Amino acid sequence: MTGGTQKQQLRIRYHRDFDGMVSGALLAHVLRERGEKPILISVNYDERKNWESFEEGKRFAVVDFHFHPRAEFWFDHHPTTFLSDELRSTYEASDRWLWDETSPSCPPLILKHAKEHFGYEAPERFIDAAYWSDIIDAAQFESVDQAIFGDDPALRISRSLTAAPNPAWVDQIATALIDDSLRDVALRSDVEKAHDRASRNRDKALEQFPPTVLWNRGGVVFYDASSSKVRRERFAPFYHHPDVSYAVGVIPTRAGYHITCGENPWNKPTNGVHVGEMMEGYGGGGHRAVGGANPPSLAEAQRLGEEFAEIIENHLRAQ
Ligand SMILES: [Mn+2]
């Protein structure tokens with residue numbers, strides 16, 4: 001080294017959810033062994049607007065989020081990771097970048113990559129965290145009860161994120177996961193506090209769901225939870241209606257209204273539809289089992305949401 005110039009600190013920008021946090025902590029641990037002292041900062045969806053100038057002049061990595069051509073390290077599993085065709089053509093798997101859309105969550109692909117390319121031997125806690133990341137991110141819970149009430153440390157941490165006091169707090173928890181096990185992190189008093197708040201929100205959401213249901217026919221439940229007073233629990237429709245194969249609903253977003261449709265993971269249809277592709281017809285998108293769209297007004301969201309639910313209902317009846 002000449003002139004004593006120091007390398008800038010590497011900023012690991014991670015998706016602010018359970019598998020994103022674990023991905024950030026794992027990459028930080030991997031890179032520490034290679035002489036880096038990275039910091040973890042979650043990334044916000046709003047930052048996509050100026051994606052070209054994202055982290056301009058900084059050293060950064062991105063995990064569990066959109067591909068960025070200036071990222072020193074990038075790992076993701078989302079099929080929608082490339083914000084343009086041009087970006088798609090810039091990507092090539094290397095020792096710094098990997099995309100695997102077949103991975104249920106992001107940490108397992110970082111584990112595999114770090115072992116193959118850097119000879120990294122993961123501590124047990126990251127193998128455990130990667131296992132839970134797959135379950136949480138791909139909704140592979142054994143039951144709706146486990147999804148909603150499960151008490152494993154990973155599930156407690158994941159639930160606590162829904163009541164995070166602020167993004168900086170999430171960064172603290174992600175940072176704790178670099179050195180501590182899920183169990184130790186779940187036992188932190190600040191995690192317990194957020195978890196208790198999240199559990200109260202969940203109980204309230206479960207209580208508020210039934211009056212939002214407009215109909216339940218032929219394996220589809222349709223609900224209107226567009227009121228901002230209604231709290232939301234993702235699996236409430238399947239908790240209250242375990243018999244359905246799909247839930248279609250109208251929910252508020254920060255800027256307007258959203259139609260959401262999800263397949264019941266515990267009562268999968270034998271002749272299902274591709275929700276994401278169907279949503280593309282409504283200007284939205286998603287995966288096979290879950291998707292959404294953002295119509296321009298509440299009235300449109302209600303009308304199109306019901307139409308969407310009826311199309312699935314008819315599809316299920318037809319076979
Ligand atoms: Mn994620």
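## Ground rules

Numbering starts from 1 along each chain, following the sequence as written. Since this is a prediction, local features need pLDDT of at least 70 and side-chain atom pairs count only at pLDDT 80 or more, while totals for chains, interfaces and linings use all residues.

## The sheet

Let's start with the strands. Helices (H or I, at least four residues) and strands (E, at least two) are DSSP runs, numbered from the N terminus. Five strands make an open, parallel sheet, ordered E2-E1-E3-E4-E5; two strands count as paired if DSSP finds at least two bridges between them. E2 (39-43) and E5 (97-99) sit at the edges with a single partner strand each, so one side of each has no neighbour in the sheet. On average, neighbouring strands are turned by 20° against each other, direction ignored. Axes here are lines fitted to C-alpha atoms, for helices over the stretch in contact, and angles between N-to-C directions run from 0 to 180 degrees.

Looking at one pair, E1 (residues 11-15) runs parallel to E3 (residues 60-63) over four bridges. Within E3, Val63 is the residue opposite Tyr14.

## Helices on the sheet

Helix H1 (residues 18-32) packs on this sheet, touching E1, E2, E3 and E4 (73-76), and its direction makes about 155° with that of E1. A contact means that two C-beta atoms, placed from the backbone, lie within 7 Å.

H7 lies across E1 and E2, at about 135° to E2. In H7 (residues 167-179), the buried residues are Val170, Asp171, Ile173, Ala174 and Leu177. They span an arc of only 165° around the axis, which puts them on the same side of H7; the arc is taken from the directions from helix axis to C-beta atoms. As for burial, a residue is buried with 20 or more other C-beta atoms within 10 Å of its own, exposed with 12 or fewer, and partly exposed in between, with C-beta atoms placed from the backbone.

## Zooming in on Ser133

Ser133 belongs to helix H4 (residues 124-137). Is Ser133 buried or exposed? Ser133 is buried, because 29 other C-beta atoms lie within 10 Å.

Leaving out residues up to four places away in sequence, Ser133 touches Phe18, Asp19, Val22, Ser105, Cys106 and Pro107. Val22 is 111 residues from Ser133 along the chain, yet their C-alpha atoms are separated by 7.6 Å.

## Two domains

The domain assignment gives domain 1 (11-193) and domain 2 (209-318), with bounds from an automatic or database assignment. Their centres, taken over C-alpha atoms, are 28 Å apart. Seven residues from domain 1 and eight residues from domain 2 take part in the contact.
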